[in-house]
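Take a walk through this fold with the viewer open.

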Amino acid sequence: HENTGLQSQPPPEEQNYGATAAHVRQSPFASVSRTAPAKNEYLIAAVLCYANLINFMDWFIVPGILLDIQKYFKLSDGGTGLLQTVFILCYMLAAPIFGYLGDRYNRKIILGAGIFFWSSVTLGSSFINELYYWIFFLLRGLVGIGTASYSTIAPTIIADLFEEGKRTTMLSIFYIFIPVGSGLGYVLAAGMADATGDWHWAFRVTPCMGGAALVLLILLVPHRTQRRTAAHRALSISGTIQVAAEKPGVHRTAKTTWCQDVISLAKNWSFVWSSLGLTAMAFVTGALGVWVPVFLYRAQVVQGIVPPCLHESCNSSNSLIFGGITIGTGILGVIAGAEAARRLRKINNKADPLICATSMFISALCLYIALMVAQTNILSTFIFIALGELFLSVNWAVVTDILLYVVTPRRQSTAIALQILVSHLLGDAGSPYLIGTISHAIQDKNARSFQWSFWSMQYSFIVCSFIGVCGGAFFLLTSFYIEEDRKEAER
């Protein structure tokens, strides 16, 4: 454990849980006060947020034009779901590798290489014709490897740039770009397909944005970003930079192997249960992100609102609307989650996991209602899908904040990488394929019709509501261990 040896543990009523610490105490060893974050630290955070925007735009370009891609490559529902599964599988398998590298090597170089790689591969995927669908699948997998380098390392840089009082705010801003980027991915894909009449053009915009992000990264981010140990952070909470740094153990931490780090994290029950809760979130968001526009289209065909697209280019309005919903609910959800956590931590040290559990339960209920009303009222379906997405988005920054204060800093990149691996392996790596496979199986057992095409998707989506309830239960279990694991990480 990282023990500063500089100050005693505060009494329970004064302990701070979460990144928005309410109490600031002066250390008897104080000599120099730390100033507020410098402008260049905010510039670095802005570059990281911009790259995160592009990252998630690339994730959701395919779902934004899924009907066109499905028709172009002549894919079944199962094959279409597999397209996103290949992307997520490569992403999650690469994450632990980049977590290991991020804890030990220069993070700026890793980030720059990742941005260049995924932007180049995305551009290359825009030139594939219908005879080489397997190459398109392969390139989507390679994009996943590139984005893994970014998602694993960028949050740890933000955590090192800002003290506890600012960290939740900055992480909230960073994670707002998950839903914003996801929504813009839908909008970009649908908009480019409509404007050019060719869905391939949707993959030619984000590589240009990625090039700009790479230039900004090179110019504005220092070659070496400072890593703060637990001692640094404990001293920073006291508002000081210690002369006592000369004391043994303050700046140095014991070297541990990757296996030792993994074993330690496996014994951290707050990390384990919150990671499983995040897995349930990933399962639901992955399935919704890929299939909701298709589900809405099939509901509208059954209701006679839109004609089926058999030969002409498919209507992109659902992708545009769903993209707008994703952006709006994402921004509101992340802000609401961070604000709720900030307020409730003052009265309950278990507020973070309880917020996550409550939002998962409400989201599961909203999504179930959306499924049930889809055949009769498309407006109500949009409303309840929006509410379901809103409550899912509440958890993004809060879950990451839980990880950052229950895991000691020297293991955070590894912890994030493992969380990515588990949440995607058991979550959104399989959920689009599972939903598509269930839908395809139901269609095969019944007469081919637009009605059964809709029902098959409706029945398969019920799995998401069940998984959402399981996610709420996992966050409830997290609340039983959160206080003890926070104290352990602080020591």
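Predicted model: local features only at pLDDT ≥ 70, side-chain atom pairs only at ≥ 80, totals over all residues.

Residues are numbered from 1 along each chain as its sequence is written, and side-chain values use heavy atoms, with hydrogens and water left out.

The largest nonpolar core holds 128 residues. Such a core is a set of buried Ala, Val, Leu, Ile, Met, Phe, Trp, Tyr and Cys residues joined through side-chain atoms within 4.5 Å. Buried means under 20% relative accessible area, with a 1.4 Å probe and protein chains only. Helix α11 (residues 269–303) supplies the largest share of this core, 17 residues. Helices are DSSP runs of H or I, at least four residues, numbered from the N terminus. Domain 1 (38–236) and domain 2 (268–490) both give residues to the core, so it lies between them. The domain bounds come from an automatic or database assignment.

Now find helix α5 (residues 107–124). Its buried residues include Leu111, Ile115 and Trp118. The buried residues pack against α1 (39–59), α4 (77–104), α6 (133–161) and α8 (206–220); contact means heavy atoms within 4.5 Å.

Last, go to serine 423, in helix α16 (residues 412–428). Serine 423 is buried, at 3% relative accessible area. Beyond neighbours within four places in sequence, serine 423 contacts Leu278, Thr279, Ala282 and Asp428.

How values were computed. Helix = DSSP H or I, 4+ residues; strand = E, 2+ residues; numbered from the N terminus. Buried < 20%, exposed > 50% of the residue type's maximum accessible area, 1.4 Å probe, protein only.
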